[in-house]
Amino acid sequence: MSNVDNETTRKPTSGRLGQPYHPEDPNYPLRLWWIAGYAEEVSDGKLLARKLLNKNLVFYRKSNGQIVAIEDRCIHRGAPLSLGWLDNDQIVCVYHGFRYDADGKLVEIPTQEKCPRAAKLDAFKVVARGPFMWIWMGDPADANEDDVPEFAWLHDEKWVFASEHMLVKSNYMLLKENVLDLTHFPFAHKSTFGTLDDYASAAKFSYQDNVVTFQKDFLNQPLSKIYDRDLNLGGKPVDRTDLGKSMSPAEHRFVTTIKDPENGNEYQFRFQHLTTPETNVTHHYWWVISRNYGLDPDPRDWFKQIANEAFSEDKAILEAIQARINEAVSPLEMPEVSAVADQGGLMARRQLKDFMSRDHA
Amino acid sequence: MSTVCIEVLVAGIRHEADGILSVELTNPNGGDLPPFTAGSHLDVYLPNGIIRPYSICNSERERHRYVLGVLKSEASRGGSAWVHSRLACGDRVTVAMPRNMFSLVDSAQHSILVAGGIGVTPLISMSHKLRNGNKSFEFRYCARSYTRAAFARTLQSELGPNFRLHLDDNPATAFDARADLGHWNAGYHLYVCGPAGFIEWVLQAANAGGWPSENVHVELFTPLSNIVVGDQPFDVVVASSGLRIRVESGSTILEALASAHVHIPFSCEQGVCGTCLTGVIDGTPDHRDGFLSEDERRSGKCIITCCSRSKSVSLTLDL
């Protein structure tokens with residue numbers, strides 16, 4: 001028995017463990033609901049172009065409100081349909097006016113009677129839930145809308161949240177591994193989150209039922225400034241538990257639960273890291289920061305400020321790493337040695353392998 | 001990696017029930033002992049050369065003593081039999097520092113402790129902690145008969161309605177695991193300890209009741225007689241050649257094999273990356289890694305050689 005390996009992926013020839021993401025190899029499952037963007041981005045009458053999982057897509061809203069996604073490429077001579085316009089729930093190509101319906105079927109060629117049967121584009125199921133729209137890019141017959149995550153707290157009046165999109169020039173797994181190892185805080189974020197030296201020692205990790213979890217308890221200690229802002233417990237000792245979970249390759253959530261032992265009150269602060277591959281070497285990243293305390297005054301500008309400050313620091317590092325991978329002659333031979341704190345990221349690789357194996361089931 | 005050991009004094013030995021003694025260990029200098037948390041166990045280095053793990057059953061608040069419960073096992077190859085016949089008050093014994101592989105989850109909303117026979121020991125310590133913390137819990141103790149139910153009297157008087165005794169010889173008191181574990185609620189945690197068959201029965205009920213695996217905590221007391229505990233030496237056998245190599249206490253399988261010119265690829269040397277993963281054909285691995293899945297661990301068919309050891313005296317590797 002050798003290393004745990006998926007036979008369909010490339011292996012390093014040296015036998016030494018190397019960084020595992022080859023720029024030419026897709027590393028994402030199709031049988032999974034991925035985030036496509038904010039539902040509100042697809043407004044009436046407009047076409048939204050976006051690349052997900054190496055596919056150029058065009059999104060629009062039908063007159064009944066349903067969001068539709070089809071391949072963003074006219075099957076005639078390859079013009080992006082997103083350059084065209086919407087008319088009566090159909091896309092009109094800017095080049096020769098070919099028309100497609102919401103199923104991607106070519107329904108009109110202006111200069112002739114018949115449309116060839118072969119003229120069909122892929123259409124993808126899109127479900128709007130909460131602030132997000134989710135897309136299924138596997139076999140449509142496998143899409144189960146019940147599996148689209150709810151994120152109930154994002155439409156709960158006791159919570160406040162902010163969220164923004166970033167396009168990061170790295171493979172998405174680099175970000176997923178980043179948020180599973182918070183020992184980078186004192187270094188990568190030394191001028192922003194750096195004061196959180198909570199992760200100077202490793203957390204406890206587990207991989208069960210296809211979910212990677214880490215937990216760290218901070219018992220009977222004063223709260224870090226980031227959580228105490230607008231809670232104002234000062235130096236009062238409280239119990240805090242951090243729970244980080246990679247729920248799937250698409251979704252990571254980090255939940256901090258604070259308990260005031262004096263009155264038993266519980267507060268929660270959450271960071272969500274939602275990732276969808278754009279290409280093998282770039283990805284869409286939607287972050288969500290939320291909490292169920294300090295709703296007034298409105299903290300959302302502050303959420304955006306800390307997110308942009310800190311996440312741009314991560315972005316810069318991940319992009320620098322990816323740039324090296326991209327220019328490497330043998331990307332899989334770049335040697336890699338792990339630390340104990342990498343347990344979570346390494347489990348996320350197993351999680352990815354398990355999710356991808358469902359594509360072949 | 002070596003084990004830190006301390007010398008303790010046998011301050012008392014008590015008959016608790018048929019076949020069960022409690023042993024009270026204290027600091028020979030009269031001071032505090034190293035602290036432990038509820039659910040911990042001590043590896044006791046018996047003077048006859050055998051090492052046995054025993055759970056600590058007193059409250060973690062008691063810094064002056066460790067109280068162990070020892071069942072005289074029929075299959076004993078000299079461990080519990082020695083304790084029952086040869087150990088005496090005033091003896092000095094070597095023990096390793098308390099180790100906890102079975103701890104309480106602080107955030108639990110409600111804890112259910114289920115003990116089978118001598119498996120009651122770590123749960124008693126847990127019940128002290130839960131009671132001291134005013135936490136919601138219930139304690140189910142399953143024993144063969146009243147005369148064999150060690151500590152039952154004390155538990156009954158201290159815990160009142162939170163404690164229920166279920167005796168095999170009195171069907172009216174039977175524990176209906178399927179009914180009582182039938183519906184998991186969020187925040188509920190289950191802690192089970194006892195012999196393998198008992199644990200399996202309880203886990204089946206929990207499974208049927210929809211208990212998620214991260215809310216079920218198990219400590220298994222095995223009566224296996226060729227068990228190797230702690231960092232004791234053991235042998236590895238290279239299947240293809242039959243070569244037998246000793247892995248000493250301070251060494252790892254990886255190192256021992258390398259010194260015999262059998263080279264396994266390795267990288268992190270911390271048990272997290274999986275590079276040194278090797279197949280196991282015979283023997284029982286003692287998994288110490290952070291890489292294998294639960295299924296892989298249970299299968300016993302593979303091992304992370306940079307850090308894991310062996311529960312059996314010998315391991316045959318697929319090399």
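This is a predicted model: local features need pLDDT of at least 70, side-chain atom pairs count only at pLDDT 80 or more; totals for chains, interfaces and linings use all residues.
Local features were taken only at pLDDT of at least 70 and side-chain atom pairs only at pLDDT 80 or more, whereas totals for chains, interfaces and linings use all residues. Residues are numbered from 1 along each chain as its sequence is written.

Chain A contains five helices and 17 strands; helices (H or I, at least four residues) and strands (E, at least two) are DSSP runs numbered from the N terminus. Of its 361 residues, 52% are buried, where buried means under 20% relative accessible area, exposed over 50%, and partly exposed in between (1.4 Å probe, protein chains only). The accessible surface of chain A is about 17200 Å², with 48% belonging to carbon and sulfur atoms; such areas come from the Shrake-Rupley method with a 1.4 Å probe, and for residues only the protein chains shown count as cover. A:Leu83 lies in the loop between strand 4 (67-71) and strand 5 (85-87) of chain A. This residue is exposed, with a relative accessible area of 55%.

Chain B contains seven helices and 18 strands. Of the 319 residues of chain B, 50% are buried. The accessible surface of chain B is about 14600 Å², and 49% of that area belongs to carbon and sulfur atoms.

Strand 3 (residues 41-45) and strand 4 of chain B pair in the antiparallel sense over five bridges; two strands pair if DSSP finds at least two bridges between them. Within this pair, B:Leu42 has B:Tyr54 of strand 4 as its bridge partner. Four of the five residues of strand 4 (residues 51-55) of chain B are buried, so this strand is largely enclosed by the rest of the structure.

Five strands of chain B form an open sheet with parallel pairing, in the order 9-8-7-10-11. Strand 9 (163-167) and strand 11 (216-220) of chain B stand at the edges with a single partner strand each, so one side of each has no neighbour in the sheet. The twist from one strand to the next averages 15°; axes are lines fitted to C-alpha atoms, for helices over the stretch in contact, and angles run from 0 to 180 degrees between N-to-C directions. Strand 7 (residues 110-116) and strand 10 (residues 188-194) of chain B run parallel and are joined by six bridges. Here B:Ser111 has B:His189 of strand 10 as its bridge partner. Helix 2 (residues 120-132) of chain B packs on the sheet and touches strand 7, strand 8 (137-143) and strand 10, a contact being heavy atoms within 4.5 Å.

Note on methods: Chains are lettered from A and ligands numbered from 1 in the order in which they are written. Side-chain values use heavy atoms; hydrogens and water are left out.
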